[in-house]
Amino acid sequence: MYSLSLEATIVIFVIGGIILLILLLGLIFSIVLLARQRRSRGLEITAWIFNSLWFIFDMVVAGAGVFKKADYPNFFIFPILLTFFLLCQYRANLHSGTKLKVWYVAKTAIILIIFFQLNSEAINFIYGRFYEAMKQNHLLLIAPVISLIFTLLISSIAAFRYLKRTGQPLVNNDVLKNAAIFLLCTFLCAELAQRLISFIDILGMGNIRDTYLKIYFNVMNILRTLGYSLLCTILGTLIAGYSYLNYAKKNKVELPV
């Protein structure tokens with residue numbers, strides 16, 4: 001059996017420690033930026049660079065099939081996404097107008113990507129162990145329904161906060177239109193990024209990757225995804241839009257006409 005020499009083991013641990021330190025520093029810097037609520041260009045640029053390097057490294061490792069060979073989920077993606085979210089939140093706090101809207105879309109899309117990743121891991125775990133029992137008891141639709149409820153909850157709260165932050169006028173059509181545009185852009189960004197991550201993950205599956213590519217990247221699957229995004233956009237728009245209108249009128253919020 002092949003074994004590494006002491007020197008090689010030390011080198012691997014040192015390199016691994018440096019890489020892990022970069023991830024932790026990116027996360028720590030983003031937390032510091034958000035907590036201080038002050039501009040710090042150098043710290044922000046460093047956090048973006050460190051986290052981007054970690055994201056590239058994570059995608060390379062996932063694409064090479066390291067996680068699949070070790071039968072280990074890619075949990076490193078979560079602190080990476082969390083750091084990106086904190087940096088987008090920091091940017092959103094500094095801006096107004098169009099830039100604010102862009103950063104709000106970005107941070108909400110990242111929240112959805114994190115949920116999609118967690119939801120995928122949870123569904124794979126549940127179906128992998130209880131699929132037959134759930135099928136016999138006609139419970140297979142429970143997971144998708146719960147997923148839809150949480151997606152609507154996340155998107156509706158985000159759209160409500162977006163409407164509140166941007167100070168929308170109390171005109172039904174304008175509120176619903178702005179909420180719909182926000183959610184549509186958010187879901188499109190989230191789905192595109194999620195598919196990119198999934199594509200790289202599938203590349204690391206070895207001999208079975210072609211099968212998964214055909215399943216995940218066929219026309220029907222893409223159409224179902226677009227339909228799901230459109231459904232969430234419509235329902236989220238109605239929930240967030242009318243919640244915002246009721247909130248603004250009830251609290252007599254002074255908004256621009």
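Trainee: At what angle do α6 and α9 pack, and how far apart are their axes?

Mentor: α6 and α9 pack at an angle of about 45°, with their axes 8 Å apart. Axes are lines fitted to C-alpha atoms, for helices over the stretch in contact, and angles run from 0 to 180 degrees between N-to-C directions. This is a predicted model, in which local features need pLDDT of at least 70, side-chain atom pairs count only at pLDDT 80 or more, and totals for chains, interfaces and linings use all residues. Residues are numbered from 1 along each chain as its sequence is written, and side-chain values use heavy atoms, with hydrogens and water left out.

Trainee: Why is α6 called oblique to α9?

Mentor: Angles under 35 degrees count as roughly parallel, over 145 as roughly antiparallel, 65 to 115 as roughly perpendicular and the rest as oblique. The angle is about 45°, and that makes α6 oblique to α9.

Trainee: Which residues of α6 and α9 make the contact?

Mentor: Contact means heavy atoms within 4.5 Å. Among the residues involved are L152, F160 and L163 of α6, and L235, A240 and Y244 of α9. Leaving out residues up to four places away in sequence, L163 touches Q168, V175, N178, A179, A240, G241 and Y244.

Trainee: What makes S229 buried or exposed?

Mentor: Buried means under 20% relative accessible area, exposed over 50%, and partly exposed in between (1.4 Å probe, protein chains only). S229 has a relative accessible area of 5%, and therefore it is buried. S229 lies in helix α9 and touches F187 and E191, not counting residues up to four places away in sequence.

Trainee: How is E44 classed, and why?

Mentor: E44 has 4% relative accessibility, so E44 counts as buried. E44 belongs to helix α2, and its contacts, apart from neighbours within four places in sequence, are L33, Y90 and R91.

Trainee: How do you know that the span of helix α2 agrees with its number of residues?

Mentor: A helix is a DSSP run (H or I, at least four residues), numbered from the N terminus. The expected span is 1.5 Å times one less than the number of residues. The 23 residues of α2 (residues 41-63) should therefore span 33 Å, and the end C-alpha atoms are 33 Å apart, which agrees. Just after α2, G65 takes a positive phi of about 85°.

Key
Helices (H or I, at least four residues) and strands (E, at least two) are DSSP runs, numbered from the N terminus.
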